[in-house]
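Subject: Structure for your files

Hello,

Here is the structure I said I would send.

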Amino acid sequence: MANPSILILAGDGIGPEVMAEVKKIIGWYDAKRGISFDVSEDLVGGCAYDKHGTPLHDDTMAKAQEVDAVLLGAVGGPKYDVLDFSVKPERGLLRLRKEMDLFSNLRPAQCFDALADFSSLKKDVVAGLDIVIVRELTSGVYFGEPRGIFTEGNERVGINTQRYTESEIARVARSAFELARRRNNKVCSMEKANVMESGILWREVVQEIHDKEYPDVELSHMYADAGAMQLCRWPKQFDVILTDNLFGDLLSDMAAMLTGSLGMLPSASLGAPMANGRPKALYEPVHGSAPDIAGQGKANPIACILSFAMALRYSFDLGDEATRLEQAVEKVLADGVRTADLMGPEGGTPVSTSAMGDAVIAALDASL
Ligand code: IPM
Ligand code: MG
């Protein structure tokens with residue numbers, strides 16, 4: 001049987017640096033566990049624009065549709081700010097999400113014990129935190145029509161449209177309920193049903209799917225603004241948070257920061273099952289391309305490494321190996337290995353991106 005396939009799209013900024021550490025880990029699985037992947041690489045974002053004049057070439061899009069999993073680093077950078085909106089690096093990522101139909105974006109926010117002091121919140125508020133935001137990723141105001149900048153009378157008007165169909169809400173709700181069943185069985189759905197019709201429909205459909213198919217899961221609803229407040233007041237009240245594309249974008253950045261560093265958090269974007277039963281999938285760190293530190297070997301590769309762990313779990317049915325990798329990361333952090341973003345007020349000497357990757361490899365070796 002052919003090896004499972006991975007397409008690596010390292011992208012821009014720190015993307016290639018953090019992805020280099022993931023490649024080492026893929027190599028480790030091949031050498032030490034006999035788990036091999038067919039890895040190919042291509043361009044996305046600004047680097048694709050530089051080469052092809054588009055942030056995602058059609059050939060790359062076609063490859064992404066064929067592989068078992070896509071691993072993405074990051075896209076964007078100040079150099080590309082001047083580009084027309086239609087070819088900005090972010091459009092490459094959004095096209096991948098849309099055309100692969102990756103409607104369910106899982107963004108875990110987990111606070112590692114060794115880093116509980118790094119949060120801007122009090123330690124007891126975040127220690128042991130383990131929640132997942134399920135963000136709808138292929139619809140809502142990110143993609144709704146009409147959109148554009150138009151002229152009305154003597155002024156311009158910018159328009160975006162929040163639009164959700166019942167089936168779009170239902171499928172992402174199911175994925176949140178399924179996930180909750182494998183965790184602590186609680187879903188809190190967030191929208192703005194007090195001001196938006198799309199929010200009213202969202203709340204109704206989530207409740208219907210719950211009552212019909214997942215009555216065993218505890219479901220609550222919150223307005224997204226109140227949800228943001230509760231997230232920083234007492235985040236441990238949550239297990240799975242289900243929300244739309246735009247609210248999910250905001251809430252997941254906030255949840256990420258609760259854990260002390262944006263450099264730690266992975267994500268999985270999942271679509272409908274393929275012929276082999278596994279979902280179409282793209283894995284990427286929640287952090288961006290961090291142009292200010294790109295090319296300096298300072299970036300924290302852990303979010304990208306943990307994104308690969310999610311790939312092991314969700315695309316390759318290797319949950320035990322995912323846990324092995326997650327535990328290796330935990331051990332490295334417990335041992336005090338720190339990249340620059342994890343330096344507390346007490347200071348210390350940060351390790352480089354590649355030294356962090358090497359430390360994870362050493363911990364993997366020790367796990368055998
Ligand atoms: C994210 C990012 C993206 C988004 C950008 C890069 C298009 O902020 O994945 O959260 O807005 O979805
Ligand atoms: Mg975001």
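The model is predicted: local features need pLDDT of at least 70, side-chain atom pairs count only at pLDDT 80 or more, and totals for chains, interfaces and linings use all residues. Residues are numbered from 1 along each chain as its sequence is written, chains are lettered from A and ligands numbered from 1 in the order in which they are written, and side-chain values use heavy atoms, with hydrogens and water left out.

Domains

The chain splits into domain 1 (5-129 + 259-367) and domain 2 (137-238), with bounds that come from an automatic or database domain assignment. Their centres, taken over C-alpha atoms, are 25 Å apart. In the contact (heavy atoms within 4.5 Å) there are 19 residues from domain 1 and 15 residues from domain 2.

The interface

About 1,500 Å² is buried between domain 1 and domain 2, 63% of it on carbon and sulfur atoms. Buried area here is the accessible area (1.4 Å probe) that two parts lose on being put together, summed over both. Of the area that domain 1 buries against domain 2, 36% is supplied by Lys98, Phe103 and Val125, more than by any other three residues.

One salt bridge is counted between the two domains; the term requires a side-chain nitrogen of Lys or Arg within 4 Å of a carboxyl oxygen of Asp or Glu. Arg171 and Asp101 form a salt bridge, with their closest N and O atoms 2.9 Å apart.

On the domain 1 side that touches domain 2, helix H4 (89-99), strand E4 (104-110) and helix H5 (123-126) each supply at least two residues. Helices (H or I, at least four residues) and strands (E, at least two) are DSSP runs, numbered from the N terminus. H4 has the largest share of that side, four residues.

Two residues

His287 sits in the loop between strand E12 (279-285) and helix H10 (302-314). His287 is buried, at a relative accessible area of 10%; buried means under 20%, exposed over 50%, and partly exposed in between (1.4 Å probe, protein chains only). Beyond its neighbours within four places in sequence, His287 has contacts including Ile14, Leu262 and Asn300.

Ser252 belongs to helix H9 (residues 245-258) and is also buried, with 4% relative accessibility. Not counting residues up to four places away in sequence, Ser252 touches Arg107 and Ile133.

Regards
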